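Hi,

Here is the structure I said I would pass on. Have a look through it first, and then read my notes below.

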Amino acid sequence: ATWGEWTNAVKEATGRKGAKLFMPLRSALTGATHGPELAPLVGLMGMARVLGRLESARTLALGR
């Protein structure tokens with residue numbers, strides 16, 4: 001899926017949009033709250049790294 005399709009699906013699932021959607025994603029993916037545009041960065045990171053970082057952020061958020 002494209003970045004737009006994926007973020008739209010996350011928006012629909014969470015009800016978040018704008019900064020409330022993108023700041024947590026950026027933080028989970030990069031460890032920073034500011035930086036370059038995420039779409040090209042995610043493409044460079046690759047699916048395995050993106051999924052790994054999202055899973056790590058999820059684990060931390062759940063306190064596991």
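Before anything else, keep in mind that this is a predicted model.

Let's begin at helix H1, which covers residues 3–14. Its twelve residues reach 16 Å from the first C-alpha to the last, close to the 16 Å expected at 1.5 Å a residue. Just after H1 comes Gly15, which takes a positive phi of about 75 degrees.

Now for the aromatics. The count comes to two aromatic pairs. In one of them, Trp3 and Trp6 sit 5.5 Å apart, centre to centre, with 40 degrees between the planes, and the pair is tilted. Both belong to helix H1, and because they are three residues apart there, about one helical turn separates them. As for accessibility, Trp6 is partly exposed, with a relative accessible area of 29%.

Trp3 also pairs with Phe22. Their ring centres are 6.4 Å apart and their planes are at 35 degrees, so this pair is tilted; stacked would need planes under 30 degrees apart. Since Trp3 lies in helix H1 and Phe22 in helix H2, the pair ties together parts that are 19 residues apart in sequence. Phe22 is partly exposed, with a relative accessible area of 32%. Taken together, Trp3, Trp6 and Phe22 form one aromatic cluster.

On to how two of the helices meet. The axes of helix H2 (residues 19–30) and helix H4 (residues 47–62) come within 8 Å and cross at roughly 110 degrees. Angles of 65 to 115 degrees count as roughly perpendicular, so that is how H2 lies to H4. Which residues of H2 and H4 make the contact? From H2 there are Leu25, Ala28, Leu29 and Thr30, and from H4 there are Val50, Arg53, Leu54 and Ala57. Sorted by class, the contact of H2 with H4 has six nonpolar residues, one polar and one charged.

Last stop: Glu37, in the loop between H2 and helix H3 (38–45). Is Glu37 buried or exposed? At 58% relative accessibility it counts as exposed, because the cut-off for exposed is over 50%.

Cheers

How values were computed
Residues numbered from 1 in each chain as written. Predicted model: local features only at pLDDT ≥ 70, side-chain atom pairs only at ≥ 80, totals over all residues. Heavy atoms only, no water. Helix = DSSP H or I, 4+ residues; strand = E, 2+ residues; numbered from the N terminus. Expected span 1.5 Å × (residues − 1). Axes fitted to C-alpha atoms, helices over the stretch in contact; angles between N-to-C directions. Parallel < 35°, antiparallel > 145°, perpendicular 65-115°, else oblique. Contact = heavy atoms within 4.5 Å. Nonpolar A, V, L, I, M, F, W, Y, C, P; charged D, E, K, R; others polar. Phe/Tyr/Trp six-rings, centres within 6.5 Å; stacked < 30°, edge-to-face > 60°. Buried < 20%, exposed > 50% of the residue type's maximum accessible area, 1.4 Å probe, protein only.
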